[in-house]
Amino acid sequence: IGKYITYNLDSTIFINFGTKDTVVKYQVKHQVDALITDNLGRPAYRIIRYIRKTAANAWAPDNTFMTVPTEFAVEFIENNLRFLKMKGPIRNGYSWKGNSYIDTYSLNSDVKYLDDWDYTYDSLNVKLTLGALTIDSTLKVDQRNEIIGNPSDPNSYSEINNGAEKYAKGIGLIYRNFLHVEYQPPTPGRGGYKQGYGVKLTMIDHN
């Protein structure tokens, strides 16, 4: 409780009715607020996210997450989606279904793109330079690297799904790069457009 990590956040959004993408920059801080229990009665931590435009601005809380560390795994609940972020044993090449708790099947699901992702440990115990910071021991979790269709063809549907995270021993999440883009080709009366979002987190400070 009281542990925090501060990040630069690059948020990719699509504007002008999906005809243009832009990156909006913020700073965010994830701070462990309290020890609670989840809906199964397991010990869990509530994490509050604070956001500001630049270091000159005051922090404002804007979201709440929950993490559940179990004997062999770490669950992370964000926007009512339960991700299985880490799972034992931690060794290079070990893989698991990180989004298996998420409803990607029902007709009303708006996160079908998260279906059947294989999370895989890569680059275990690697020294890493992140901006001005040097971190002795990190690991990478590859989550997805998928291209559906031909993104260079303006007349056909395409989709891009990428996800990767890096963690540091004794610190936590230090880097996240996520991108989901769907391209809808032109139809009578409407040009082609993109929809989706991207999130890039890079740690700049922690306690």
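## Trp59 and its contacts

Contact here means heavy atoms within 4.5 Å. In this predicted model, Trp59 is in contact with Thr6, Gln27, Val28, Lys29, Tyr50, Ile51 and Arg52, leaving aside its neighbours within four places in sequence. Trp59 lies in the loop between strand 3 (43-52) and strand 4 (60-69).

How far apart are the C-alpha atoms of Trp59 and Arg49? The separation is 9.4 Å, for two residues ten apart along the chain. Trp59 has 26% relative accessibility, so it counts as partly exposed. The cut-offs behind that call are under 20% for buried and over 50% for exposed.

Strand 9 and strand 10 run antiparallel and are joined by eleven bridges. Within strand 10, Gly163 is the bridge partner of Arg144.

## Strands 5 and 6

Six bridges pair strand 5 with strand 6 in the antiparallel sense. Ala73 has Lys87 of strand 6 as its bridge partner. The hairpin of these two strands has two residues between them. In this hairpin, Asn79 takes a positive phi near 55°.

Is strand 6 mostly covered or mostly exposed? Strand 6 is mostly covered, with five of its seven residues buried.

## Nonpolar core

The largest nonpolar core holds 33 residues. Which of them touch the most other members? They are Leu114, Ile174 and Met203. Several strands each supply at least two residues of this core: strand 1 (4-15), strand 6 (81-87), strand 8, strand 9 (133-149), strand 10 (158-168), strand 11 (172-184) and strand 12 (193-206).

Met203 shows its surroundings in detail. Leaving aside neighbours within four places in sequence, Met203 is in contact with Ile5, Thr6, Tyr7, Leu130, Leu133, Ile135, Ile171 and Ile174. Thr6 is also on the contact list of Trp59.

## Aromatic pairs

The structure holds seven aromatic pairs. One of them is Phe65 with Phe76, a tilted pair at 5.4 Å centre to centre and 50° between the planes. This pair links distant parts of the chain: Phe65 is in strand 4 and Phe76 in strand 5 (residues 73-78), eleven residues apart. Both Phe65 and Phe76 are buried.

Trp96 and Tyr121 also pair. Their ring centres are 4.7 Å apart and their planes lie at 50°, so the pair is tilted. Stacked would need planes under 30 degrees apart, and edge-to-face over 60. The pair links distant parts of the chain, with Trp96 in strand 7 (residues 95-97) and Tyr121 in strand 8 (residues 118-130), 25 residues apart. Trp96 is buried, because its relative accessible area is 5%. Tyr121 is buried as well, with a relative accessible area of 3%. Tyr94, Trp96, Tyr119 and Tyr121 form one aromatic cluster.

## Charges over rings

Two charged side chains sit over aromatic rings. The charged end of Lys85 is over the ring of Phe83, 4.9 Å from its centre. The charged end of Arg190 is over the ring of Tyr193, 3.7 Å from its centre.

Definitions and conventions
Residues numbered from 1 in each chain as written. Predicted model: local features only at pLDDT ≥ 70, side-chain atom pairs only at ≥ 80, totals over all residues. Heavy atoms only, no water. Helix = DSSP H or I, 4+ residues; strand = E, 2+ residues; numbered from the N terminus. Buried < 20%, exposed > 50% of the residue type's maximum accessible area, 1.4 Å probe, protein only. Phe/Tyr/Trp six-rings, centres within 6.5 Å; stacked < 30°, edge-to-face > 60°. Lys NZ or Arg CZ within 6 Å of the ring centre and 35° of its normal. Core = buried A, V, L, I, M, F, W, Y, C linked by side-chain atoms within 4.5 Å. Pairing = 2+ DSSP bridges.
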